[in-house]
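Q: Could we go through the helix packing and the pockets of this model?
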Amino acid sequence: MRQLPEPLTGVLKREHQTMTAMVRLWCRGHHNSDDDLCPECREFLAFAAFRLYKCPYGPSKPTCSRCPIHCYKPVMRDRAKAIMRYAGPRMLFRHPLLTVRHLLHERRAAPPLPSKRKSPH
Ligand code: SF4
Ligand SMILES: [Zn+2]
């Protein structure tokens, strides 16, 4: 599993926290996990963290659902959608603050791409 060269910060860190909470809900509900994620969900979360790290928008990142690039490979994109669909409604009760922040963020349109963007790969 790839490690991030440096920790995520700011909006990217917050997105990772939201994603982690969602994956935990999904893993608990689908893979009978407790505190630890199953290997498949750990792999997904590591992939998602790396996408965040490489996101060409950096700190002005939109939510991935509004992104015109869609850097996820198809299998991971399908998994992300399934996780969101399942965990989204449950998040409001378990993590209201993260959810409200995410919903507010989701209302913002994607900004223009920075001219010197990091490669998404
Ligand atoms: S490039 Fe788009 S899909 Fe990929 S992490 Fe950034 S916002 Fe999400
Ligand atoms: Zn799992």
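This is a predicted model: local features need pLDDT of at least 70, side-chain atom pairs count only at pLDDT 80 or more; totals for chains, interfaces and linings use all residues.

Q: At what angle do helix 1 and helix 4 pack?
A: The angle between helix 1 (residues 10-31) and helix 4 (residues 96-106) is about 120 degrees, and their axes lie 10 Å apart. The two helices are therefore oblique to each other.

Q: And which residues make the contact?
A: Helix 1 contributes Val11, Arg14, Glu15, Gln17, Thr18 and Ala21, while helix 4 contributes Leu98, Arg101, His102 and His105. By class, the contact of helix 1 with helix 4 comprises 3 nonpolar, 4 polar and 3 charged residues.

Q: What is the hand of the crossing between helix 1 and helix 4?
A: The crossing of helix 1 past helix 4 is left-handed.

Q: Turning to pockets, how much space lies in the largest pocket?
A: The largest pocket holds about 510 Å³. Its lining consists of 25 residues, and Thr63, Cys64, Ser65, Tyr72 and Met84 are those nearest the centre.

Q: What volume has the second largest pocket?
A: Its volume is about 160 Å³. The second largest pocket is lined by 10 residues, with Gln3, Leu4, His16, Ala46 and Ala49 closest to its centre.

Q: Which element gives the most to the lining of the second largest pocket?
A: Helix 2 does, with 3 residues. In that lining, 6 residues are nonpolar, 2 polar and 2 charged.

Conventions:
Residues are numbered from 1 along each chain as its sequence is written. Chains are lettered from A and ligands numbered from 1 in the order in which they are written. Side-chain values use heavy atoms; hydrogens and water are left out. Axes are lines fitted to C-alpha atoms, for helices over the stretch in contact, and angles run from 0 to 180 degrees between N-to-C directions. Helices (H or I, at least four residues) and strands (E, at least two) are DSSP runs, numbered from the N terminus. Angles under 35 degrees count as roughly parallel, over 145 as roughly antiparallel, 65 to 115 as roughly perpendicular and the rest as oblique. A crossing is left-handed if the near helix is turned anticlockwise from the far one by less than a right angle, and right-handed if clockwise. Contact means heavy atoms within 4.5 Å. Ala, Val, Leu, Ile, Met, Phe, Trp, Tyr, Cys and Pro count as nonpolar, Asp, Glu, Lys and Arg as charged, and the others, Gly among them, as polar. On a 1 Å grid over the protein atoms alone, a cavity is a set of points where a 1.4 Å probe fits but cannot get out, and a pocket is an open set with protein on both sides within 12 Å along at least five of seven lines; lining residues have an atom within 4 Å of a point. Grid points are joined across faces, edges and corners, and a volume is the space filled by probe spheres set on the points.
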